[in-house]
Amino acid sequence: MIAANLESVRGRIARACAAAGRPVQSVTLLAVSKFFPATSVREAVAAGQTRFGENLVQEGVDKIETLADLRERLEWHLIGPLQSNKTRIVAERFDWVHSVDRLKIAERLSAQRPAGLAPLSVCLQVNISGEATKSGVAPEEVEALAAAVAGLPALRLRGLMAIPEPSTEVAAQRAPHRALRKLFDALRARGHGLDTLSIGMSDDLEAAIAEGATIVRVGSAIFGTRAR
Ligand SMILES: *Cc1c(COP(=O)(O)O)cnc(C)c1O
């Protein structure tokens, strides 16, 4: 089931890349395993998937520990909200954080990243739809935050992430993706060496790839409908 779903998601990515005139290797699939057990992750690994995203810090840490035998082969990404009292364990265990939206969190992650590990890859989460969900830095504050985060020694600023307001219409899906892409291009024009645009989920990955996504975060299309 998971293997077949992965195959189908990879097919969707390949078709979206072809339609956008982009090489298929320009898009990385992050399998969002939140709320699914470590056994489901193992199944995905057996089907060739190596990058996983988790929403909740403790759930992610538990899964990383349960799957310690696979640690070298896997990349773990935190994609959900991060409070300052949880930064240490995240700096110690994860490879990426997509949800940095204020300097204090970035400073703590950098200070707490163990010296023996590679810099923690981070994306700034942008509140691109300007909606009720309070997560994400406001678009007009992205540049100042990027400049500050780029100066932190144990972090590597990779790019921008957003969770746009859901829509079933492709045109409406593309608008916020395009807005994020514009911010991304503006930062690159200012000299930031960014390589990551983290947008696109199960329902809108085609729209995101059309607008330049380099990481799509896909959960339910791989693991099934979540109970929570
Ligand atoms: C759950 C989640 C996803 C995956 O959503 P699906 O619709 O299940 O693909 C992607 N990004 C974030 C931040 C999430 O919390």
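Ala, Val, Leu, Ile, Met, Phe, Trp, Tyr, Cys and Pro count here as nonpolar, Asp, Glu, Lys and Arg as charged, and the others, Gly among them, as polar. The model is predicted: local features need pLDDT of at least 70, side-chain atom pairs count only at pLDDT 80 or more, and totals for chains, interfaces and linings use all residues. Numbering runs from 1 along each chain as its sequence is written, and side-chain values use heavy atoms, with hydrogens and water left out.

**Stop 1: the ligand**

A ligand oxygen lies 2.8 Å from a backbone N or O atom of G219. For S220, a backbone N or O atom is also 2.8 Å from a ligand oxygen. R226 uses its side chain: an N or O atom there is 2.8 Å from an oxygen of the ligand. The ligand alone exposes 390 Å², and the protein buries 91% of that (Shrake-Rupley areas, 1.4 Å probe).

**Stop 2: the largest pocket**

Show the pockets (on a 1 Å grid over the protein atoms alone, open sets of points where a 1.4 Å probe fits, with protein on both sides within 12 Å along at least five of seven lines; lining residues have an atom within 4 Å of a point). The ligand sits in the largest one, meaning more than half of its atoms lie within 2 Å of the grid points. The space there is about 700 Å³, counted as that filled by probe spheres set on the points. Of 33 lining residues, K34, I163, P164, M201 and R217 lie nearest the centre. The lining has 10 nonpolar, 14 polar and 9 charged residues.

**Stop 3: the second largest pocket**

Its volume is about 250 Å³. Select R71, F94, D95, R113 and L117, the closest to its centre among 16 lining residues. By class, the lining has 7 nonpolar, 1 polar and 8 charged.

Conventions
A polar contact is a pair of N or O atoms within 3.5 Å; within protein, one must be able to donate a hydrogen and the other to accept it, and residues adjacent in sequence count only if both atoms are side-chain atoms.
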